[in-house]
Structures are given as C-alpha cells and as structure tokens.
Amino acid sequence: MKWSAYDTHTVHRALPTPLTAATVLAALCLAATGCTAGGTRPTAPPSSAPAPHSAPADRAKTEAAQGDSAKKALETISPDDPDFVASGLERVHDGVHARNPLRKGRAYTVSVACVGTGDVQVVLADRTPRPVPCDGISTDRRIDNAPAELPIDITPAPGATGMVAWQITVAP
C-alpha cells in the first residue's frame, strides 16, 4: 500500500496484560531506588551549582518576557483591523529578514520595538540603516509611496541580545 501526505492511519494498541504491567512497575521501582547494600541510596554531596537545565529554562523565560514586552510596545492595532498588514517577533541574534507584499504607492508605517541590551540596525527598502535601541520603546518609520514588496532587515549590533518585534500598518 502506498501512502500519500493526505492519508491518515490510526494505530490501535492492545491493552497491557497484568503480567506486563507488573513487570514494568517492578523495573521502574528498581530504577528509582537503585541496587545498594543495606537498601539505602547513596547521596551526592550538596552542590551550590544550579541544575544543568536551569540556564536554558531561565533563558527561555527571559526571552518570553522580553518578547511579550516587545509585542506590547507595538500593540496599537489588532491583526483583525483592515489597516494591519504584517508583524513578527524574533530573537535579536537571529535577526529579521522579511519581504512583505504591499499595495504599491500607498503609505505605510513600520514600527519596531526591541527589548534586551544593545541596539539593532533596521533597514527598510534598502535605505540607510537606522539604529533602534533595545530599550522597549517602539520606533516608527513612515514609508511613503511604498514599493510592491517591502524588504525589512533587522540585524543586531555587536553584543546586542533580546527580542525584536516589528509591525506594518497602513499609514493614516
């Protein structure tokens, strides 16, 4: 039988037997308690070092908070509003390289907010780069007589970190 990307297939598994469940439970108990003399588990010396996964978890929490702050700095228009065109959120070190179709000749506003440290360089439609500090304050730039496609390139300055949000709206 040949499968295509649109075929669906459901797999039904038999319920475990009582013997299988008992075996699995016994294996889990042995793995949790270990095999030591006297039935006690050896203890590792206390350590002041953080758990190995705390750094990525802390970074993810920080990025989430920075992303929320950057988006809130731009939330002046709903995505359901007819004047909303496009938006995005990226890590500063990843940068933004977007190409957005627009109605040629119309005026638009591009807003950028960065939260973190340092600056990002914003280039719209291959114009002169403009620095935007990662201070959580939105910076707007009006594009009059827009091209049919608007390239947005946001790159980090050396040492910049954080999250950067951008939004395109129809200019009033």
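Colleague: How many helices and strands are there in the protein chain, and in what order do the elements run?

Modeller: The model is a predicted one, and the protein chain in it holds two helices and seven strands. Read from the N terminus on, the order of these elements is α-α-β-β-β-β-β-β-β.

Colleague: Among contacts between residues at least 6 apart in sequence, what share joins residues at least 24 apart?

Modeller: For context, the protein chain has 172 residues, of which buried ones make up 28%, and its accessible surface comes to about 11800 Å², with 58% of that belonging to carbon and sulfur atoms. Among the contacts between residues at least 6 apart in sequence, the share that joins residues at least 24 apart is 75%.

Colleague: Which strand pairs with β3 over five bridges, and which residue of that strand stands opposite Gln-121?

Modeller: Strand β6, residues 149–156, is joined to strand β2, residues 96–101, by six bridges in an antiparallel arrangement, and Pro-101 there stands opposite Glu-149. The pairing of β3 over five bridges, also antiparallel, is with β6. In β6, the residue that stands opposite Gln-121 is Thr-155.

Colleague: Which cysteines does the disulfide join, and what is the S to S distance?

Modeller: The structure holds one disulfide, and such a link is a covalent bond between the sulfur atoms of two cysteines. The partners here are Cys-114 and Cys-134, with an S to S distance of 2.1 Å.

Colleague: Are Cys-114 and Cys-134 buried or exposed?

Modeller: The cut-off for a buried residue is a relative accessible area under 20%. Cys-114 has 0% relative accessibility and Cys-134 has a relative accessible area of 7%, and therefore Cys-114 counts as buried and Cys-134 is likewise buried.

Colleague: Is Thr-169 buried or exposed, and which residues does it touch beyond four places away in sequence?

Modeller: Thr-169 is found in strand β7, residues 161–170. Its relative accessible area is 11%, and therefore Thr-169 is buried. Leaving out residues up to four places away in sequence, Thr-169 touches Ile-77, Asp-83, Phe-84, Val-85, Tyr-108 and Thr-109.

Terms used
Residues numbered from 1 in each chain as written. Predicted model: local features only at pLDDT ≥ 70, side-chain atom pairs only at ≥ 80, totals over all residues. Heavy atoms only, no water. Helix = DSSP H or I, 4+ residues; strand = E, 2+ residues; numbered from the N terminus. Buried < 20%, exposed > 50% of the residue type's maximum accessible area, 1.4 Å probe, protein only. Contact = heavy atoms within 4.5 Å. Disulfide = S-S within 2.5 Å. Areas by Shrake-Rupley, 256 points an atom, 1.4 Å probe, with all protein chains shown as cover. Pairing = 2+ DSSP bridges.
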